[in-house]
Amino acid sequence: MVTDAPNTQYTRSADGTNLAYQMSGDGPLELVFVPAPIPIDLLSDDPGFMRLRRRLETFSCTVWFDARGIGASEGDPRTALVGDISDADLTAVMDAVGFERPALAGADPGMPQIHFAATHPERVSALVLVNSYAHYVREDDYLWGVPPQTVNQFVATVQEGWGTSRAVDFVAPSRSADQRFRDWYARAGRFGGSPNQFADIVRASFEADLRSLLPSISCPTLVLHSENNRYIRLGAGQYLAEHIPNAHLVVLPGDDHLFFAGDIDTLADEIEEFLTGSRSGGEGDVLSMTILFTDIVASTEHQSRVGPRTWSRLTDHHDAMVRALLARHRGHEVKTTGDGFLATFDATGRALRCAADIVAGAKDLGLDLRAGVHTGEIEVRGDDIAGLAVTIAKRVCDLAGPGEVLATRTVADHVVGSAIEFEDRGERRLKGVPGTWRLFRVVG
């Protein structure tokens with residue numbers, strides 16, 4: 001569960017309907033994003049969405065809100081797909097957060113944003129449409145969408161599969177092998193609305209026809225559409241770009257329809273460049289930290305020797321000991337790694353002292369531990385961390401012997417002048433890491 005999800009707040013539309021919204025980021029650009037049909041209270045549980053949200057936060061203050069009848073928002077979604085009600089809902093949210101003329105962004109269907117941009121040009125600075133359409137029933141003069149004779153069959157299929165993970169193979173094929181995502185998507189669907197509601201929304205959005213409004217959109221418009229989208233074909237996005245004056249079309253690689261599946265950084269790059277004129281490079285949340293890896297030496301052999309019950313009690317004591325020492329030395333537990341821990345520190349000396357205490361504490365429990373320490377830049381990814389510095393710390397830990405704390409020269413240089421002493425262990429190659437690395441054993 002992600003702990004830094006924005007707080008959900010409420011405002012009321014003109015007819016008194018309560019609408020749920022969240023705000024994230026403090027960038028200079030105002031952005032309103034309607035992520036239907038996934039409820040905003042569940043979005044931040046997904047790492048793909050979190051990566052997109054954090055990218056947008058680097059240059060914008062973004063408002064996410066549940067459309068009427070979706071998630072925590074009241075009302076019947078079937079009455080407010082497009083038109084005066086959807087316009088009033090958008091206006092209410094914008095007024096609640098003090099946005100005068102924000103950029104609007106929306107994913108499938110994107111129709112409320114299209115309608116609002118066409119009918120309230122004075123309130124919209126830019127429009128971003130992701131895998132969207134103006135109509136999706138095939139006609140003689142419109143080749144994109146579901147054939148009229150199969151609309152009922154298509155809607156019935158959607159209704160039958162709603163609240164399950166079946167649609168993942170269709171809307172997010174790049175995540176189809178991720179069982180955690182499949183379970184989350186099914187749960188998000190059930191919280192988003194009932195099967196009948198969503199089937200009616202799909203029918204209404206496909207049959208709605210906003211093609212006549214497209215030429216009246218005057219704000220700068222970016223149309224983003226995945227090249228091999230299996231749900232809404234690329235032609236529907238191309239039609240938007242061809243009929244909205246001066247719209248810019250970007251075809252995204254891949255076959256995902258869900259806006260936070262696939263290559264999130266490319267999507268964010270395009271949005272950022274369109275709205276700000278530049279790209280930040282998508283480094284995410286990069287911090288300089290000291291990384292500690294610990295590992296129980298020969299854990300499999302030890303477990304087979306003492307038996308599963310004793311081993312379970314032993315590892316419980318081990319985990320409690322490590323967590324107590326992390327708290328004492330102000331370390332942050334990132335995760336357990338099977339038979340060890342990954343932790344970060346904002347001070348190198350504390351990391352080394354904590355590592356030494358953990359190794360000594362394990363000895364008291366009858367366990368041999370090894371530890372590796374490195375200082376460098378990491379990327380924060382939700383509750384996890386990534387980057388070459390993390391890999392280096394793990395490789396250093398793998399090279400340590402029983403009861404040893406090994407550190408890189410970077411670590412040793414950071415604590416020059418402290419009471420911590422090292423023994424030079426020479427140059428070593430670290431698997432998968434370029435060059436050679438001088439390692440040091442902590443001796444005092």
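View 1. Phe440, at 10% relative accessibility, counts as buried, where buried means under 20% relative accessible area, exposed over 50%, and partly exposed in between (1.4 Å probe, protein chains only). Phe422, at 23% relative accessibility, counts as partly exposed. The model shown is predicted, so that local features need pLDDT of at least 70 and side-chain atom pairs count only at pLDDT 80 or more, whereas totals for chains, interfaces and linings use all residues. Residues are numbered from 1 along each chain as its sequence is written, and side-chain values use heavy atoms, with hydrogens and water left out.

There are 18 aromatic pairs in the structure, counted when rings of Phe, Tyr and Trp (its six-membered ring) have centres within 6.5 Å, with planes under 30 degrees apart taken as stacked, over 60 as edge-to-face and the rest as tilted. In one of them, Phe49 and Phe260, the ring centres are 6.0 Å apart and the planes stand at 85 degrees, which makes the pair edge-to-face. Phe49 belongs to helix H2 and Phe260 to the loop between S8 and H10, so the pair ties together parts 211 residues apart in sequence; helices (H or I, at least four residues) and strands (E, at least two) are DSSP runs, numbered from the N terminus. Phe49 and Phe260 are both buried. For Phe422 and Phe440 the centres lie 6.2 Å apart with planes at 75 degrees, again an edge-to-face pair. Since Phe422 lies in strand S15 (residues 422-429) and Phe440 in strand S16 (residues 436-442), this pair ties together parts 18 residues apart in sequence.

**View 2. Phe260 and the nonpolar cores.** The largest nonpolar core has 90 residues, of which Phe206, Ile217, Leu224, Phe259, Phe260 and Leu275 touch the most other members. Apart from this core lies another of 28 residues, among them Ile296 and Leu367. Such a core is a set of buried Ala, Val, Leu, Ile, Met, Phe, Trp, Tyr and Cys residues joined through side-chain atoms within 4.5 Å.

**View 3. Helix H10 and its surroundings.** H10 (residues 264-276) has 13 residues and reaches 18 Å from first to last C-alpha, close to the 18 Å expected at 1.5 Å a residue, the expected span being 1.5 Å times one less than the number of residues. Its buried residues, including Ile264, Asp269 and Leu275, pack against elements including strand S3 (29-34), helix H2 (47-57) and strand S7 (221-226). Just after the helix, Gly277 takes a positive phi of about 90 degrees.

View 4. Arg279 is partly exposed at 41% relative accessibility, whereas Glu270 is buried at 15%. Salt bridges with shared partners join Arg51, Arg55, Asp265, Asp269, Glu270, Glu272, Glu273, Arg279 and Glu379 into one network.

**View 5. Gln22 in strand S2.** Gln22 lies in strand S2 (residues 18-24) and is buried, with a relative accessible area of 4%. Leaving out residues up to four places away in sequence, Gln22 touches residues including Pro6, Ile40, Val63 and Trp64, contact meaning heavy atoms within 4.5 Å. A polar atom of the Gln22 side chain lies 3.4 Å from the backbone oxygen of Pro6.

Conventions:
A salt bridge is a side-chain nitrogen of Lys or Arg within 4 Å of a carboxyl oxygen of Asp or Glu. A polar contact is a pair of N or O atoms within 3.5 Å; within protein, one must be able to donate a hydrogen and the other to accept it, and residues adjacent in sequence count only if both atoms are side-chain atoms.
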